[in-house]
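Work through the exercises below with the sequence and the model open. Each task is followed by a solution in steps.

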Amino acid sequence: MKQLAWNKIPDRKARSTFWGQVSTVPVDFAALESLFCSNTDKKTAPAAATGTASPTPVKVKLVNILDSKRSNNVAIALSQIKLSYDEIRDTIIQLKTSQLSLDSVRALLKNIPTPDEIELLKAYSGDRALLGKAEQFFITIIAVPELEIKLCCFEFVLRYPQLTSSIWAGINALSLGIEQLMTSKGFSQVLPVILSIGNFINSGSFRGAASGFHLDSLVKLADTRSSSGNTNLLRYIVYHLENMGLANFTSELSGLPEASKLELKRGVSASQEHMESPPQSELDEQFKKTLSSFVASASAELSKLEPAFDKVKSDYEHFLEHFGEDEDTPPEDMMATLSQFCTAVEDAREANKKDKEQAEVKAKRDNQIKRATAPSEIRNKAGTIRGFAAKLKKAVNEQQRPTTPEPNAAPTTETTLSTTTTTTTGTAPPTSNTNQP
């Protein structure tokens, strides 16, 4: 038969509700079966073959108490644990941290049976072998008293080494971040520049004439855009800092990104809360004994953390006082804000650099186009001037070239004039005797 995926109300709860007054209603089960029988039910048995036929295996039908989605989620979680259901139960009771991973314990915590599911499972009186995997696991695991509390303690025991390691890393990161902010010459020089520019921008308004500003204002610089909308105040400030040789101050604050990731106070508080043993009445003796030994060793390690935490807390309070910040500003928020500002400055430097390179390329290209597309009249005039110069040069050359008269030809007027001039200025050639025969 096809299954109806509904959520059953436990019998004990149903008795006092509407369902407790409902009586059985007659139903045509034959018609119901013909309509909703599964495809495997409709298949008829194969015809008997000649000889001895092998018996058809009978498929056992599992009993599903949980809905299909819930069963699948539990089955997926169990597939990651290479232990039997009984071994999982015993591992939780005895707090065997070597048998279960942190991910496995967290998966179990997400898939513990609810009170309603426990009621349904306790009401089942049939063969446990017919139950689905999720139902069989739940029936096994509900035998553990205070199951959720035990799994929470189990999870913390496995997580504690990672937690203490992250706390130490957070203390060191915050300490480094504070030290860099307090000692950075570049950062201390940049803030007055921003204050001067901000006061100029805000002159004539109630925001002007400021003596200082909160550090969270640094991440708002990019929100003030230019009139053209092509740039913003942060990019202008970075351009100004580049000219002053101060834009590289972010290299002095390299510890801020790690310091911004910490949750120091929450981690220490969580450790201190879990170090307190659960109420004595809620855990059996075996589990408490195992947990107590862990608490003793973990408390000793936590006591080493407290002086370092107090030291960095005092340094941070001094930092807040130094920059006039509110004393209740969380360190993770402050470090995240300043880390975001440094990232924005680097992005602005890169954007300014690209704009400068693009402007240089455009100017070079425009210059080339201008030279290649000079006005035609300029080219024509240049050609005319060159042609005139060539003609003038040719005429001068022709004037300077000497002329030689042809033999027996009568001298022309120009020739006679040239000869007379030559005779006057130089040695006269011999004259011929006209009376000589």
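This is a predicted model: local features need pLDDT of at least 70, side-chain atom pairs count only at pLDDT 80 or more; totals for chains, interfaces and linings use all residues.

Residues are numbered from 1 along each chain as its sequence is written, and side-chain values use heavy atoms, with hydrogens and water left out.

**Exercise 1.** Determine whether Leu181 is buried or exposed, and list what Leu181 touches beyond four places in sequence.

Step 1. Leu181 belongs to helix α9, residues 147–183 (helices are DSSP runs of H or I, at least four residues, numbered from the N terminus).
Step 2. Its relative accessible area is 2%, so Leu181 is buried (buried means under 20%, exposed over 50%, partly exposed in between, with a 1.4 Å probe and protein chains only).
Step 3. The contacts of Leu181 are Phe187, Leu253, Leu256, Phe319, Phe323, Met335 and Leu338 (contact means heavy atoms within 4.5 Å).
Step 4. For Leu338, the C-alpha distance to Leu181 is 9.5 Å, across 157 residues of sequence.

**Exercise 2.** Count the aromatic pairs and classify Tyr160 with Phe294.

Step 1. Rings of Phe, Tyr and Trp (its six-membered ring) pair if their centres lie within 6.5 Å; planes under 30 degrees apart count as stacked, over 60 as edge-to-face and the rest as tilted.
Step 2. The count by this rule is ten aromatic pairs.
Step 3. With centres 5.6 Å apart and planes at 90°, Tyr160 and Phe294 are edge-to-face.
Step 4. Tyr160 is in α9 and Phe294 in α14 (residues 285–322), so this pair ties together parts 134 residues apart in sequence.
Step 5. Tyr160 and Phe294 are both buried.
Step 6. Tyr316 and Phe319, in contrast, are stacked, at 6.1 Å centre to centre and 25° between the planes. Both sit in α14, three residues apart, about one turn of the helix.
Step 7. One aromatic cluster is formed by Phe187, Phe249, Tyr316, Phe319, Phe323 and Phe341.

**Exercise 3.** Which residues touch the most other members of the largest nonpolar core?

Step 1. A nonpolar core is a set of buried Ala, Val, Leu, Ile, Met, Phe, Trp, Tyr and Cys residues joined through side-chain atoms within 4.5 Å.
Step 2. Among the 77 residues of the largest such core, they are Phe187, Phe319 and Met335.
Step 3. Helix α9 gives the most to this core, 14 residues.
Step 4. Beyond four places in sequence, the contacts of Met335 include Leu174, Ile178, Leu181 and Tyr316.

**Exercise 4.** Is Phe388 buried or exposed?

Step 1. Phe388 lies in helix α16, residues 376–400.
Step 2. Its relative accessible area is 57%, so Phe388 is exposed.

Notes:
Helices (H or I, at least four residues) and strands (E, at least two) are DSSP runs, numbered from the N terminus.
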